[in-house]
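Visitor: I would like to learn how to read a few features of a model like this one. Please take them one at a time.

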Amino acid sequence: MRISARQAAKEFIESHYPNCDVAYLAGSVVRGEETESSDLDIIIIDRTISESYRESLTEYDWPIEVFVHNMFTYKHFFKQNIDRARPSLPQMCAEGIILRDTGQASRIKNEALQLLKAGPTPWKTIEIEQARYFLTDLLNDLEGSTNVLEDLFIVSKLADRTHEFVLRVNGHWIGEGKWILRALKEYNDTFAEEFASVFDDYYSNRTKSKVIEFVDEVIAPYGGRLFEGYSSQSPERAAE
């Protein structure tokens with residue numbers, strides 16, 4: 001039987017990063033969501049590291065993902081995560097169990113918690129219009145498509161774009177992969193259930209009409225579909 005996640009993480013840190021300033025163990029093993037395929041997400045902050053990097057390996061019978069930063073690169077990644085509205089590193093630091101600390105771990109954890117609480121950079125009107133335009137293009141493709149195999153990929157993209165639209169216009173973080181539904185639930189349980197039901201029904205029955213109706217309802221309060229007159233240029237650039 002393999003050793004516990006926490007013990008494995010401690011031994012890994014002691015073996016590979018004995019002089020680091022901060023180390024956290026994060027991921028499903030600390031959220032109480034551990035499965036047979038769970039790995040150890042370990043965040044290392046070490047002032048002597050010149051560049052950030054990520055490494056995947058297996059030790060102590062555990063798959064391990066280690067994210068290594070110095071005191072400057074973690075801040076850069078925090079900002080990147082805010083700009084893209086996917087707070088991967090702040091989330092890991094905020095939820096992480098502190099396994100090594102030379103005095104900075106609580107400060108960084110609080111910094112991450114404050115960033116998560118503040119939410120992502122709000123979308124401007126131009127970004128909302130761009131999102132409506134892309135959703136309109138996908139909706140038109142789906143309505144006009146006669147290829148059921150191509151429809152699979154159009155609907156997949158619609159699901160991703162629609163989840164992003166809803167969360168960004170409401171000032172919430174977005175997800176990726178399994179985190180899409182989790183992010184939607186954090187925003188609104190009822191909406192998340194409807195979202196999951198609509199797309200599950202499509203993949204079960206290949207009924208396009210419900211997907212189209214659902215996405216149209218989502219963008220309707222923001223002006224609905226957008227094609228005629230849309231330009232990716234700002235008014236100032238368009239006038240040049």
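Visitor: Which residue is the bridge partner of L57 in β4?

Guide: This is a predicted model, and in it L57 is bridged to I64 of β4. That bridge belongs to the pairing of strand β3 (residues 53–59) with β4, which is antiparallel and runs over 7 bridges.

Visitor: How many residues lie between β3 and β4 in the hairpin?

Guide: There are 2 residues between them, and Y60 in the turn has a positive phi of about 60°. As a general idea, most residues other than glycine have a negative phi. D61 is not a glycine either, yet its phi is positive, about 65°. D61 sits in the loop between β3 and β4.

Visitor: Is D61 buried or exposed?

Guide: D61 has a relative accessible area of 60%, so it is exposed. Another positive phi, near 60°, belongs to R206, in the loop between α9 (189–205) and α10. R206 counts as partly exposed because its relative accessibility is 40%.

Visitor: How do I read a pair of aromatic rings?

Guide: Two values describe such a pair: the distance of the centres and the angle of the planes. A search of the whole structure gives 14 aromatic pairs. In one of them, F165 and Y222, the ring centres are 5.3 Å apart and the planes stand at 85°, so the pair is edge-to-face. The two residues are 57 apart in the chain, with F165 in helix α7 (residues 148–169) and Y222 in the loop between α10 (208–219) and α11 (235–238).

Visitor: Where do F165 and Y222 stand in terms of accessibility?

Guide: F165 is buried, because its relative accessibility is 0%. Y222, at 31%, is partly exposed.

Visitor: What does R132 touch?

Guide: Leaving aside residues up to four places away in sequence, R132 touches F165, Y222, G223, G224, R225 and L226. R132 itself lies in helix α6 (residues 125–144).

Visitor: Which side chain of opposite charge is nearest to R132?

Guide: The nearest is E129, 4.9 Å away. A salt bridge requires the charged atoms to be within 4 Å, and R132, although buried, has none. Its side chain does reach the backbone oxygen of G223, at 3.2 Å.

Visitor: Which residues of helix α4 are buried?

Guide: In α4 (residues 88–95), the buried residues are L89, P90, M92, C93 and A94. Among the elements covering them are β1 (22–26), β2 (40–45), β4 (62–69), α3 (73–84) and α5 (105–118).

Terms used
Residues are numbered from 1 along each chain as its sequence is written. This is a predicted model: local features need pLDDT of at least 70, side-chain atom pairs count only at pLDDT 80 or more; totals for chains, interfaces and linings use all residues. Side-chain values use heavy atoms; hydrogens and water are left out. Helices (H or I, at least four residues) and strands (E, at least two) are DSSP runs, numbered from the N terminus. Buried means under 20% relative accessible area, exposed over 50%, partly exposed in between (1.4 Å probe, protein chains only). Lys and Arg count as positive and Asp and Glu as negative; His and the chain ends are not counted. A polar contact is a pair of N or O atoms within 3.5 Å; within protein, one must be able to donate a hydrogen and the other to accept it, and residues adjacent in sequence count only if both atoms are side-chain atoms. Contact means heavy atoms within 4.5 Å. Two strands pair if DSSP finds at least two bridges between them. Rings of Phe, Tyr and Trp (its six-membered ring) pair if their centres lie within 6.5 Å; planes under 30 degrees apart count as stacked, over 60 as edge-to-face and the rest as tilted.
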